[in-house]
Amino acid sequence: MSENTEPQLAVVILAAGQGTRMKSTLPKVLHRIGGRPLLGHVLATARGLQPENLLVVVRHERDMVVGAVLEDAPDVIVVDQDEVPGTGRAVEMAIARVPDFTGDVLVLSGDVPLLDDETLAGLIRTHRRSGAAATLLSAVVGDASGYGRVIRDAGGGVQRIVEQKDATDEEAAVSEINAGVYVFQAAALRAHISLVGTANAQGERYLTDVVALMRDSRLSVGVSQATDAAAALGVNDRVQLSEAARLLNARTVRRWQLEGATILDPATTWIDVTANLALDVTVLPNTHILRATTVAEGATVGPDTSLVDCEVGPRATVTRADATLAVIGAGATVGPFAYLRPGTYLGERGKIGTFVETKNSTIGERSKVPHLSYIGDTTIGTGVNLGAGAITANYDDIAKHRTEIGDEVHSGSHNVFVAPVRIGAGAKTGAGAVIRKDVPAGALALSVAPQRNVEGWVETNRPGTAAADAAAGARSAQKADDGAQEEDG
Ligand code: UD1
Ligand code: CA
């Protein structure tokens, strides 16, 4: 049934503009929301349509933009826009690169990142059903400032699009905006794009002028109105950037809630589009789940927690923690107030407790580093308990060295492990020990000199101080006590 075959699709993404209103050295389309550049979101949407051709038009900071594009989508055709400015010129150069293409050309803007699959499918459907030469996506918004307005004729059809800078007051009052997303029949687009002039406030060749030119040729131009105005949000400045980030995040949070995660406070929970949450995960307020982080079934993260590229195991608990590239085992607990740096592996039911920093270290199953510690470049076996204040001195000013702690080791409080050093399985260390030499399995390591008490030192050396008075009082009370006991005896 070849007559029912849908026309082929080419997608052109406009990303050549400077983005002056961002006031940034970074090209606008590379600013990130939800863990991805704006352009990355548009590319992902475009690729979802599996187009015949995918073209990206670049110019400003060309190499940086192309680098980001090719990382995501190596099959993209890169089109370099020349010095002639305007969205019309960008599209003209793009379609010149696919001269034999005869299907539908979908034009997307690199700065309209929230366009969802449904809205896009609706636009393409409307276009194909109507047989119009062009169909544009519009939205009715509360604040239309900055956008092109859709000007309709008496019959309700689209007459033209007028940019804000070229609009009369009456036109500017129109609340239906052009989203910067269009589908064109390739032949009609080719015939009209070259006719676009520069007679406008910015002296640029506007793609939007194609609409009026097509109407002049008595071709029909359709509109598909987005039901969700967020889909049409264009990012021109950093206010809109944060708005887009918030709207995208709200979508992501809602998606995970519907997938079975309890997210207490959507407004203060930030989840990148690349993160993953399993069933019955609980996310407490002020929590950021970023990049490729995965949180397994039944785990609880937050409050006040930031996870970047982490793996949180089933039923683990992560409270008030900051972690990057860390793997947290099943049933393990982290925090409150923990800092997990890259290369931290915490085993099943292990613990990284309060005011603990870890880096490039493995902490085995059921092993605990509960309080006030720094553990770097260390391998800890299973069932270990490190006393409060354990410090691995991993750096000797020249190189980093490893500490190895065997299974079932229990260390005393306030130990320093001067690496490279090994503590054998089952060994114990005394409080305050500075471990500079390897400890054999099952040994008790003591490094602190025995305590010596110099009697009466304070009264002799600090006479008349409050401490001396207190000591004298305590000593005479003790004497009286001893005397009374002798009488009793
Ligand atoms: C454009 C539309 C406007 C619409 C709005 C929607 C035009 C003339 N105006 O305005 O009607 O309401 O988008 O967000 O099209 N670009 C190029 N080459 C250029 C200029 C721009 O590739 O020479 C790219 C930009 O990188 C950007 C996109 O085209 O991704 C839109 O450009 P921008 O300058 O932001 O247009 P707006 O003023 O927002
Ligand atoms: Ca824009």
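Predicted model: local features only at pLDDT ≥ 70, side-chain atom pairs only at ≥ 80, totals over all residues.
**Notebook: calcium site, helix H2, overall form**

Started at two residues: Asp111 is buried, and Asn236 is buried too.

Asp111 (OD) and Asn236 (OD1) coordinate the calcium ion (ligand 2), at 2.2 to 2.4 Å. Next I checked where each one sits in the chain. Asp111 is in the loop between strand S6 (104-109) and helix H4 (117-130), while Asn236 is in the loop between strand S11 (221-225) and helix H8 (238-258), so the two tie together parts that lie 125 residues apart in sequence.

Moved on to helix H2, residues 62-72. Which of its residues are buried? I get Val65, Val66 and Val69. They take up an arc of only 95° around the axis, which means that they are on the same side of H2. On the face turned away from the buried side I find the exposed residues Asp63 and Glu71. As for partners, the buried residues of H2 pack against helix H1 (38-48), strand S4 (53-58) and strand S5 (77-80).

Then I zoomed out. I note 10 helices and 37 strands for the protein. Its radius of gyration is 34 Å, well over the 23 Å that the globule rule gives for 489 residues, so the protein is more spread out than a compact globule. The C-alpha trace spans about 120 × 50 × 45 Å along its principal axes. Of the 489 residues, 46% are buried. Last entry, surface: the protein exposes about 23,600 Å², with 50% of that supplied by carbon and sulfur atoms.

Conventions: Residues numbered from 1 in each chain as written. Chains lettered and ligands numbered in written order. Heavy atoms only, no water. Buried < 20%, exposed > 50% of the residue type's maximum accessible area, 1.4 Å probe, protein only. Helix = DSSP H or I, 4+ residues; strand = E, 2+ residues; numbered from the N terminus. Arc of directions from axis to C-beta. Contact = heavy atoms within 4.5 Å. Donors = N, O, S within 2.8 Å, 3.2 Å for Na, K, Ca; no water. Rg over C-alpha atoms; globule rule 2.2 N^0.38 Å. Areas by Shrake-Rupley, 256 points an atom, 1.4 Å probe, with all protein chains shown as cover.
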